[in-house]
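Dear colleague,

I am handing over a structure that will be new to you. Please look through it first; my notes on what was found follow below.

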Amino acid sequence: MTPEQIKQPENIVACKPRLLNDRTMHYCPGCSHGVVHKLVAEVIEEMGAEHIAIGVAPVGCAVFAYNYIDVDWIEAAHGRAPAVATAVKRLNPSRLVFTYQGDGDLAAIGTAETIHAANRGENIVIIFINNGIYGMTGGQMAPTTLEGMVTATTPYGRRIDINGHPLNITPLLAALPGTCYVTRQSVHTAAAVRKTKKAIRKAFDASLKGLGTSVIEIVSTCSSGWKLSPVKANEWMENNMFAAYPPGDIKDITE
């Protein structure tokens, strides 16, 4: 980029969000976290909300969001992010408060906190990364692990008679009266990235308007946990994860 182009922002087609720190991301190749981090940073920056945004991240790969997105963060105990976010929002009602959680965190140890925050209609946004596995701790079965899916703790595949059914928690949250916007998206293609960014913006706007709880599930890959290359992981997600967790809006009463 020439000095002349730097002086003329209208010539810039794309650039790194200002709120995305200059740190090399540690995530595994092909991981969806980095893309979602970029989108969250872009949306907050475009809203001019960096001074009112507060993120809450719990245990798991999701916790490292505070290393990369330059807004205020609170680290919560495993699964407790919605409870912490509830307290933060009630004490600071003008702030943009959101959680950033994985499926093992949100749909396992944090099931109660998630359901009750959504049922109360807390004015927070829950960003839910669903890759169907515990990524950070070694690739164990998560509540969202698909039937027949091989993990570190289901080496012969998840069995319904032993392990129960996969927990499709997002439609459950949509059924609660306190949620105003519930959607399921992905970031594996350019078109999917655009839809997810639009969903994040809608959820953040709804929170600031006090319309209730918004939930954005992002069906994601875990190349290392799935033992696949980034390309094969995307293909596996499309062929398997989308059948159980189809992308699209589930509930929208924000208008």
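This is a predicted model: local features need pLDDT of at least 70, side-chain atom pairs count only at pLDDT 80 or more; totals for chains, interfaces and linings use all residues.

By what part of a helical turn are Asp205 and Arg201 separated in helix H8? They are separated by about one helical turn, because they stand 4 residues apart in helix H8.

Residues are numbered from 1 along each chain as its sequence is written, and side-chain values use heavy atoms, with hydrogens and water left out.

The sheet and its helices

An open sheet is formed by 7 strands, in the order S2-S1-S3-S4-S8-S7-S9, with mixed pairing. At its edges are strand S2 (72-75) and strand S9 (248-252), each of which pairs on one side only. From one strand to the next the twist averages 15 degrees. As to terms, strands (E, at least two residues) and helices (H or I, at least four residues) are DSSP runs, numbered from the N terminus. Two strands pair if DSSP finds at least two bridges between them.

Within the sheet, strand S3 (residues 96-102) pairs with strand S4 (residues 125-130) in the parallel sense, over 5 bridges. Phe98 has Val125 in S4 as its bridge partner.

Helix H8 (residues 190-208) packs on this sheet and touches S3, S4, strand S7 (179-186), S8 and S9; its direction makes about 165 degrees with that of S7. Helix H2 (residues 33-47) lies across strand S1 (53-57), S3, S4 and strand S8 (213-219), and runs at about 175 degrees to S3. Contact here means heavy atoms within 4.5 Å. Axes are lines fitted to C-alpha atoms, for helices over the stretch in contact, and angles run from 0 to 180 degrees between N-to-C directions.

Nonpolar cores

The largest nonpolar core has 35 residues, of which Val40, Ile44, Ile127 and Phe204 touch the most other members. Such a core is a set of buried Ala, Val, Leu, Ile, Met, Phe, Trp, Tyr and Cys residues joined through side-chain atoms within 4.5 Å. Two or more residues each are given to this core by H2, S1, S3, S4, S7, H8 and S8, and the largest share, 7 residues, comes from H2. Leaving aside residues up to four places away in sequence, Ile44 touches several residues, including Leu96, Phe98 and Phe204. A second, separate core of 19 residues includes Ile54, Val88, Ala174 and Val182.

Salt bridges

The whole structure holds 13 salt bridges, each being a side-chain nitrogen of Lys or Arg within 4 Å of a carboxyl oxygen of Asp or Glu. For accessibility, buried means under 20% relative accessible area, exposed over 50%, and partly exposed in between (1.4 Å probe, protein chains only).

In the pair of the opening question, the closest N and O atoms of Asp205 and Arg201 are 3.1 Å apart. Asp205 is partly exposed at 25%, and Arg201 is partly exposed at 33%.

Which parts of the chain does the salt bridge of Glu217 and Arg184 link? The side chains of Glu217 and Arg184 meet at 3.0 Å, N to O. This pair links distant parts of the chain, with Glu217 in strand S8 and Arg184 in strand S7, 33 residues apart. Glu217 is buried at 1% relative accessible area, and Arg184 is buried at 3%.

Loop residues

Thr145 is placed in the loop between strand S6 (140-141) and helix H6 (160-163). Is Thr145 buried or exposed? Thr145 is buried, with a relative accessible area of 0%. A polar atom of its side chain lies 2.7 Å from the backbone nitrogen of Ala142. Among the residues that Thr145 touches, not counting those up to four places away in sequence, are Gly132, Arg158 and Pro166.

Lys227 lies in the loop between helix H9 (223-226) and H10 and is exposed, at 66% relative accessibility. Although Lys227 is not a glycine, it has a positive phi of about 60 degrees. Most residues other than glycine have a negative phi.

With kind regards

Technical notes:
A polar contact is a pair of N or O atoms within 3.5 Å; within protein, one must be able to donate a hydrogen and the other to accept it, and residues adjacent in sequence count only if both atoms are side-chain atoms.
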